[in-house]
Amino acid sequence: MAVEQRVHAFTDDVIGDLDAVALSAQIRDGHLGRREVVEAAIARARAVSALDAVQFECYEQALAEAERPRGGAFAGVPTFVKDNADVVGLPTCHGSAAFDPHPAKKSSGPAEQFLSPGFALLGKSTLPEFGLTASTEFVDRPPTRNPWNTEYSAGASSGGSAALVAAGVVPIAHANDGGGSIRIPAAVNGLVGLKPTRCRMLDQPGVRRLPVNLVSEGAVTRTVRDTAHYFAAAERYRPNETMKPIGLVEGPSDRLLRIGVVRLDLRGFPTHPEIAAVTDSAADVFAAMGHEVSEYHVEFDQRLVDDFKLYWSMFAIAMSASFKLDHGRHFHPSRLDPFTKGLAQNVLRKPVGLVSAIRRLRGATQTYEEQFENVDVLLTPVLAQPTPLLGEHNPAQPFEQLFATLVDYVGFTPINNVGGGPAISLPHGHLSSGLPGAIQLIARAGDERTLLDLGYQFEAQSPFPQITAPSPSTI
């Protein structure tokens, strides 16, 4: 077992341990200056540079813009955007060495929506190549490290954002999720991560033209309150007229729900004992609050696991082709890492099977909604296995070996990317590694309000682990 090595930037500066809502209120009321907040966040980022979570920084620009008045629910709160969303003037390299960095000519819809509440942008956070794997590791440079224990993975693909928030550099950062990439890094870094309903938020260019849209945009935070206020603010920028708005969920209700506890992954396999213990503990918390808690087995076509693997592999080809078209001489496919190349080869070995896989994946939306006929919410683990040590998911290892490891690890999150409904990761307890444990709550499409309500209830009843506090005994 690795020796616990925590790295964080929490100190008695002007940011302290304030969440984004509290920090924005201090700025808005004039108790804190925007420049001094940005200066403190930059100092924090430099203090934890060993985490290797910042891909590109724009600190001087952030300081200059701090002098200009700005409105919005989070005006002046420092943040980072994940390096797979274009921000005008900054490079976008999608975690890959295949790009020659060059500034984007305009910001993407997701970046504009994320920054619309008035955040102060400090730069872009790291992700693994194209966001295709579950640990922010690379073949050509140091990995992004988990601040709770730097020998462990920070998760992926929003690993850089999660590490920066967990370490206290910023209270909130941009994230997106195509197979668990908001919820996985939130889980392993002790954060709140809500993957919203499909198409709730603005999407990356071209995503909605894919046969199955798996990706949703969002954020990682340290409190349910920040997540709730962020989504309310983002909706005000560009509401989705086709679904009921989330609105602002300001706190817990006294509503009691039927919660189905899912203990087996999509393949019917049990989770690691430490993961199972965290899930059991959370189920006990909900039961003690008066919720009706019962065992539940998710019923999906067993072929969906292989279908998702094949479709996920297609992403590698689709993104490579798109990037070559968009970036021309600035994109070099020969520099792609072995895992991305392995995914592409995986599709080429089974091209005929892709058509039927897509058909079943499209049908999974109805199957997903059917899971809620007798329950209101599902409680599951986020991951089937504890957070891996760095190196265990390194993209340089043989493709089949890494892919098998990922399938064993990511046993629960793809349900929502395929089904399209919302899910939230919440911290709970500790693992033997010293890292926080986590649970996932899943609801019907469009019902983020219920997840935020339950999140508030759970946070009040079982306060989230704090990186600044000693690790208690594991659950």
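Which loop holds Asp52? Asp52 sits in the loop between α2 and β1. The views below come from a predicted model, in which local features need pLDDT of at least 70, side-chain atom pairs count only at pLDDT 80 or more, and totals for chains, interfaces and linings use all residues. Residues are numbered from 1 along each chain as its sequence is written, and side-chain values use heavy atoms, with hydrogens and water left out.

**View 1. Two backbone features in loops.** Phi of Asp52 is near 50 degrees, a positive value in a residue other than glycine. The peptide bond from Ala156 to Ser157 is cis, with omega near 0 degrees. Ser157 belongs to the loop between β3 and α5. Helices (H or I, at least four residues) and strands (E, at least two) are DSSP runs, numbered from the N terminus.

**View 2. The three-stranded sheet.** Strands in the order β1-β3-β2 make an open sheet of three, with mixed pairing. Its edge strands, β1 (54-57) and β2 (78-82), each pair on one side only. On average, neighbouring strands of this sheet are turned by 40 degrees against each other, direction ignored. Two strands pair if DSSP finds at least two bridges between them. Strands of a sheet pair through backbone hydrogen bonds, either parallel or antiparallel. Three bridges link β1 and β3 (residues 120-125) in the antiparallel sense. Val54 has Ser125 in β3 as its bridge partner.

**View 3. Helices on the three-stranded sheet.** Helix α2 (residues 34-47) lies across β2 and β3 and runs at about 20 degrees to β3. Helix α5 (residues 159-166) also packs on the sheet, where it touches β1, β2 and β3. The direction of α5 makes about 130 degrees with that of β3. Contact means heavy atoms within 4.5 Å. Axes are lines fitted to C-alpha atoms, for helices over the stretch in contact, and angles run from 0 to 180 degrees between N-to-C directions.

**View 4. The eight-stranded sheet.** Eight strands form an open sheet with mixed pairing, in the order β4-β6-β5-β10-β11-β9-β7-β8. The edge strands are β4 (172-177) and β8 (292-296), and each pairs on one side only. Neighbouring strands of this sheet are turned by 25 degrees against each other on average, direction ignored. Strands β7 (residues 258-262) and β9 (residues 377-380) run parallel, joined by three bridges. Gly260 has its bridge partner in β9, Leu378. Helix α7 (residues 224-237) packs on the sheet and touches β4, β5 (192-195), β6 (216-221) and β10 (423-430). The direction of α7 makes about 145 degrees with that of β6. Helix α14 lies across β5, β7, β9, β10 and β11 (436-442), at about 15 degrees to β10.

View 5. The axes of α8 and α14 come within 11 Å and cross at roughly 100 degrees. The two helices are therefore roughly perpendicular to each other. Angles under 35 degrees count as roughly parallel, over 145 as roughly antiparallel, 65 to 115 as roughly perpendicular and the rest as oblique. Ala282, Val285 and Phe286 of α8 make the contact with Leu454, Phe458 and Gln461 of α14. These residues divide into five nonpolar, one polar and no charged. Ala, Val, Leu, Ile, Met, Phe, Trp, Tyr, Cys and Pro count as nonpolar, Asp, Glu, Lys and Arg as charged, and the others, Gly among them, as polar. The structure holds 16 aromatic pairs. One of them, Phe286 with Phe458, is stacked, at 5.0 Å centre to centre and 20 degrees between the planes. Phe286 lies in α8 (residues 273-288) and Phe458 in α14 (residues 448-461), so the pair ties together parts that are 172 residues apart in sequence. Rings of Phe, Tyr and Trp (its six-membered ring) pair if their centres lie within 6.5 Å; planes under 30 degrees apart count as stacked, over 60 as edge-to-face and the rest as tilted.

**View 6. Helix α10 against α12.** The axes of α10 and helix α12 (residues 399-409) come within 10 Å and cross at roughly 90 degrees. That angle makes α10 roughly perpendicular to α12. Phe339, Gly342, Leu343, Asn346 and Arg349 in α10 meet Phe399, Glu400, Leu402, Phe403 and Leu406 in α12. Six residues of this contact are nonpolar, two polar and two charged.
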